[in-house]
Amino acid sequence: MAAPPYRPDCSRLVWICILLGALWGIGAEQIRYSVPEELEKGSFVGNIAKDLGLDARELAERGVRIVSRGRTQLFALNSQSGSLVTAGRIDREELCDRSPKCVVNLEILLEDKVKIFGVEVEILDVNDNAPNFGTEQREIKVAENENPGTRFPLPEAFDPDVGVNSLQGYQLSSNIHFSLDVQSGADGIKYPELVLERALDREEEALHHLVLTAFDGGDRVHSGTARVHITLVDTNDNAPVFTQPEYHVSVRENLPVGSPVLTVKATDPDEGANGEVTYSFRKVRDKVSQLFQLNSLTGDITILGNLDYEYSGFYDIDVEAHDGPGLRARSKVLVTVLDVNDNAPEVTVTFLTSSIQETSSPGTVIALFNVHDNDSGENGIVTCSIPGNLPLKLVKTYGNYHQLLTHRTLDREEVSEYNITVTATDHGTPPLSTETHISLQVADINDNPPAFSHASYSAYIPENNPRGASILSMTAQDPDSVENARVTYSLAEDTLQGVPLSTYVSINSDTGVLYALCSFDYEQVRDLQLLVTASDSGDPPLSSNVSLSLFILDQNDNAPEILYPTLPNDGSTGVELAPRSAEPGYLVTKVVAVDRDSGQNSWLSYHLLKASEPGLFTVGLHTGEVRTARAL
């Protein structure tokens, strides 16, 4: 029976981790720690706050967090102590299989500086696995006339631990006929073999029961056992022989299920059942048995599951051929998986801002993202690009991280929103690409004053207008948005004839419509010179001015006034003298009149309305001169 699972002394191992962390230190942007596997959740890994040059309380304030590409997080940040701790139990064998060194890489984002630090944590192996044969017993058939010194392959045990914690050796239960010899192959694997020491006699003892024990190293030695049942049979003096000691084959990772890989072949010169060869996998592991299938009769190896170069690029498969009585031979099949470009690049956005002020300086960070391609070689090299007509640029920073930056100052009035497509393309044939869409709003600032459509305005209103009459509508446009574009109108303070202009006209602050507050009299006010101000509602507000000339149009609202001759106050008729000898055309008098109106409204004409002596006098139509028409 296997020993119970190993549980490490966590307190002692944690202090070892602290010492290693202190010795390793950090590089410019690379921090290294080491931690044993199987620690409890929350176990200390390293003082990440100290190694970043921060206090523990600054981790949350400065947005320090772990970023990843979606795999299960093995570590977490303790914001109270400033430590990197385990997020759960870590199984080194599950994580790194039998790799001599198991390293987990993660990135720490210092969000306020948009800076990435690499952290490398080595997972140290502990002796938590016992050797396992994969089968509880092995049947071996031995010819009774076998000569002493004959060797019989025994099952190998597998221990997923590494180093001193891995498989160290084998022991065989005590008996007088067989001994154990352990051979080490070129690959470092120990192969146990059963060696016949004394001649056998089937009639004396037909069955032999042995126990093979495999043990590992480490502080607490673990072991596993397999029962070996030896049955004596009549003579079978030839074991199968493979045509090659090792078979090498390369297959593409996209090979369909059921496709042939290769055929192994072993021959046995014996006859009958002694020469009938069958094939099987030796020391088969779950991963191999799920991907490859061996036909026991033909030796054909075919694809059983989907290969993935990114999961494993190489498989070392042990095969065995045995004849009817049980003589065996072994060989290896070394399968190299060839990468094909079957993985599109992955883009992980770590930092993103959806809005930026239009006056932000060039070089402002819009997004920070990581690109990764699971393929290898040229298939795994990724190039990122954005459309060339954008005022933005991509800059590669730490590792596979890229920053999306502004290339120049933005203008919201020119473009208020950018829909950015980041394309990550690998170098495979044909290339695969991934598109990531980012929407960026340009936030408005109050950088544009309202603008009138004309440099100056003129308006006309007839005198005697009704109070409250609409005179003119003025409009100013502001290309900014929201409050920065809301325009209000006002009139500059001034006086006319000592009276404030605000008593004559007013302007609606929202619509820009100019209204008359009084009934104008052309004979008193002929024009007003106004200054209209349009202001936006930004902070601080911006404004612009425009001049407005308001002209009062004259109406014929005044009758002519006779200045000469003046009429007596007593109501009598005025008298003009003319000599009796006056000739026709003699100037008797001249009527002088004025009209306070202007233009055509002030043009006067004179007519003779009544005369006691018709035809004796004439009046000049435009001059008002009264002359004799004939002799008196």
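## A buried ring and its partner

In this predicted model, F520 is buried, because its relative accessible area is 2% and a residue counts as buried when that value is under 20%. Y504 has 11% relative accessibility, so Y504 counts as buried as well.

The rings of Y504 and F520 form a stacked aromatic pair, with 6.2 Å from centre to centre and 10 degrees between the planes. This pair links distant parts of the chain: Y504 belongs to the loop between β38 (499–500) and β39, and F520 belongs to the loop between β40 and β41, 16 residues apart.

## The largest nonpolar core

F520 is also one of the residues with the most contacts inside the largest nonpolar core, together with F452, I471, L528 and L548. This core has 28 residues. Six strands each supply at least two residues of the core: β33 (456–462), β34 (470–473), β39 (505–507), β40 (513–516), β41 (527–535) and β42 (543–553).

Leaving aside residues up to four places away in sequence, I471 touches A459, I461, V505, L514, Y515, A516 and L550.

## Other aromatic pairs

A search of the whole structure finds seven aromatic pairs. In one of them, the rings of Y460 and F551 have centres 5.3 Å apart and planes at 20 degrees, so the pair is stacked. Y460 lies in strand β33 and F551 in strand β42; the pair therefore ties together parts that are 91 residues apart in sequence.

The two partners can be described by their accessibility. Y460 counts as exposed because its relative accessibility is 52%, where the limit for exposed is over 50%. F551, with a relative accessible area of 29%, is partly exposed. Elsewhere, ring pairs link F452, Y457 and Y489 into a cluster, and F452 is again among the residues with the most contacts inside the largest nonpolar core.

## Strand β1 and its pairing

Strand β1 covers residues 30–36 and is mostly covered, with six of its seven residues buried. β1 pairs with strand β7 (residues 115–124) in the parallel sense, over seven bridges. Within this pairing, the bridge partner of Q30 is G118 in β7.

## Residue S385

S385 is found in strand β27, which spans residues 382–385. Its relative accessible area is 37%, so S385 is partly exposed. The C-alpha atoms of S385 and V422 are separated by 5.8 Å, although the two residues are 37 residues apart along the chain. Not counting residues up to four places away in sequence, S385 touches V422 as well as L394, T421 and T423.

## The chain as a whole

The secondary structure of the chain comes to five helices and 47 strands. The radius of gyration is 54 Å, well over the 26 Å that the globule rule gives for 632 residues, so the chain is more spread out than a compact globule. Its C-alpha atoms fill a box of roughly 195 × 55 × 30 Å along the principal axes.

Buried residues make up 42% of the 632 residues. The chain exposes about 33,200 Å², of which carbon and sulfur atoms supply 50%. Among contacts between residues at least 6 apart in sequence, 66% join residues at least 24 apart.

Technical notes: Residues numbered from 1 in each chain as written. Predicted model: local features only at pLDDT ≥ 70, side-chain atom pairs only at ≥ 80, totals over all residues. Heavy atoms only, no water. Buried < 20%, exposed > 50% of the residue type's maximum accessible area, 1.4 Å probe, protein only. Helix = DSSP H or I, 4+ residues; strand = E, 2+ residues; numbered from the N terminus. Pairing = 2+ DSSP bridges. Core = buried A, V, L, I, M, F, W, Y, C linked by side-chain atoms within 4.5 Å. Contact = heavy atoms within 4.5 Å. Rg over C-alpha atoms; globule rule 2.2 N^0.38 Å. Areas by Shrake-Rupley, 256 points an atom, 1.4 Å probe, with all protein chains shown as cover. Phe/Tyr/Trp six-rings, centres within 6.5 Å; stacked < 30°, edge-to-face > 60°.
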